Amino acid sequence: MQTEFDFLSIREKIVLLLKYSERPLTAKEIKKNLGIEKEKEVYEHLYHIAKSSKHKDYQLIVYLPYCRDCGYIFNLEIPKKPGKCPRCKSENIEPPKFLIREKK
């Protein structure tokens, strides 16, 4: 049985998921919720959603990843999960989280 959401593109589904989510979601959570195969694919979609949101009535809010060991905050130009902390070399990284809200 098809639903009205079956006809939406993956990006449209990501936008709806993040728009109505009560809390920020990681790429892994988005992948799991929408049945996307690879986390990398989610990050690629988020990049394009961020670019196109400049011309839309919403904005993609990015909660930056940080090192759980030393607190280093990563500054991302492209949405992705960093592999290693440049300061302490730890791999204990809190991944970036995403949310969509209306522009004010």
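Contact here means heavy atoms within 4.5 Å, and helices (H or I, at least four residues) and strands (E, at least two) are DSSP runs numbered from the N terminus. This is a predicted model, where local features need pLDDT of at least 70, side-chain atom pairs count only at pLDDT 80 or more, and totals for chains, interfaces and linings use all residues. Residues are numbered from 1 along each chain as its sequence is written, and side-chain values use heavy atoms, with hydrogens and water left out.

View 1. Val-42, Tyr-43, His-45, Leu-46 and Ile-49 of helix 3 are buried (under 20% relative accessible area, 1.4 Å probe, protein chains only). Looking down the axis of helix 3, these buried residues fall within an arc of 165° (taken from the directions from the helix axis to the C-beta atoms), so they line one face of the helix. They pack against helix 1 (10-20), helix 2 (27-34), strand 2 and strand 5 (97-102).

**View 2. Leu-46 up close.** Leu-46 sits in helix 3 and is buried, with a relative accessible area of 0%. Leaving aside residues up to four places away in sequence, Leu-46 touches Ile-14, Leu-18, Ile-30, Leu-60, Pro-79 and Phe-98. Gly-83 is 37 residues from Leu-46 in sequence and 18 Å from it in space, C-alpha to C-alpha.

**View 3. Val-62 in strand 2.** Val-62 belongs to strand 2 (residues 58-63). Val-62 is partly exposed, at a relative accessible area of 35% (the partly exposed class lies between buried, under 20%, and exposed, over 50%).
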